[in-house]
Amino acid sequence: MNIKTKLLLVLFVLFQSIAFATVKYNQPPSKEFYLLVGTYTSGKSEGIYVYKFNSETGNFQAISIAKNLKNPAFLAISPNQKYVYSVGEFNNGGAVYAFEFDKTKGELTQLSTQSANGSGPCHVAVDKTGKWVIVGNYGAGSLSVLPVESNGGVAAAIQTIQHEGKSVDVNRQDKPHVHSINIAPNNLDVFVPDLGIDKIVTYQLDAKTGKLNVGNPAFTKVKDGTGPRHFTFHPNKKFAYVIQELSGEITGFNYKKGSLEAFQTISTLPADYTGGKSCADIHISPDGKFLYGSNRVHDSIAIYSINQKTGELTYITNQSVLGKKPRNFMIDPTGKFVLIANQDSDNITIFERDALKGTLTATGKEISVPTPVCLKMLDVE
């Protein structure tokens, strides 16, 4: 081997080393989160399940289970991520559980249990100060405010508000059914979709006292028989959207100073679909470009693009969830994966999300967990 050939070989090896190092350096660091799964415990479930989830690979690892709980279906995480709150969903009463979360061990330690002051609590939220927990009682058609104590536990409710009225569906809307609590980014406006009365009831939160005052306007009426359920704000804070369980539709609103002005209602189902309708959850991608909604009879996620100027939705497709009865679902904080809790098939299916098209591709990975209902993530560190 002559000197020229040796020199070329050395340069080639050096170039390859630099190229490899550059690729490795430019790769984003692997990011892990804790995944918390709220469930119904009437079957095989033991409580709240905790996993580690890798947002680069979509891989997961079982960590712990918080046991001896009754139907800890829906979860909420405190702003400082030290505490977790859960409903205890049962018809003859209802509870709110408070936990401390140990990020070192990935374990929940129960701090307190309080009455929800209403039956069938199905949703819970924490305000931006971390001082107030608000629970929505589906069965009772009411909502309650519970103060957070210094150790993260909850004290007895300081306020319970009872909704009144009914709507046109005699089987589902014979009385109020509060279905979610949605605290706006300003920590002042609180929007409460009530499936039973076809209204999004509006409140204003006094963050000093925890009291909810009547909003202005007091409510936003949606079309009779639609059954408003879950609600989300666009990252630009100008738009808001509600998914309607009974009609299988999504309505978009201009949001300003506590008021909602509807600009669009769009179906969550293919044009040729003639089966049952039962929507559940709604989320927007972190970049604000796409909106997703779950269908529990069609067993799909509806996907839309969002017009960034007007907020209007354009239907893209329906993606099979590869499971039965999708309830809550979530987009991981990086926006790369969508995880779907399929209540009746006892699995959480994991999809990779195309950031440019908004579409979902099955990864072939799924988490086996009994009757999953709600998914939340928090940082590992």
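C122 is buried, with a relative accessible area of 10%; buried means under 20% relative accessible area, exposed over 50%, and partly exposed in between, with a 1.4 Å probe and protein chains only. The model is predicted, and local features need pLDDT of at least 70, side-chain atom pairs count only at pLDDT 80 or more, and totals for chains, interfaces and linings use all residues. Residues are numbered from 1 along each chain as its sequence is written, and side-chain values use heavy atoms, with hydrogens and water left out.

C279 is buried as well.

| Cysteine | Relative accessible area | Closest cysteine sulfur |
|---|---|---|
| C122 | 10% | in C374, 11 Å |
| C279 | 0% | in C122, 16 Å |

A disulfide is a pair of cysteine sulfur atoms within 2.5 Å. The sulfur of C122 is therefore too far from that of C374 for a bond, and the sulfur of C279 is too far from that of C122. The count of disulfides is zero.

The strands β8, β9, β10 and β11 form an open sheet in that order, with antiparallel pairing. Strands (E, at least two residues) are DSSP runs numbered from the N terminus, and two of them pair if DSSP finds at least two bridges between them. At the edges stand β8 (121-126) and β11 (159-162); each has a single partner strand, so one side of each lacks a neighbour in the sheet. From one strand to the next the twist averages 15°, with axes taken as lines fitted to C-alpha atoms and angles running from 0 to 180 degrees between N-to-C directions.

Strand β8 runs antiparallel to β9 (residues 132-137), and five bridges join the two. V124 has V135 in β9 as its bridge partner.

Key. Helices (H or I, at least four residues) and strands (E, at least two) are DSSP runs, numbered from the N terminus.
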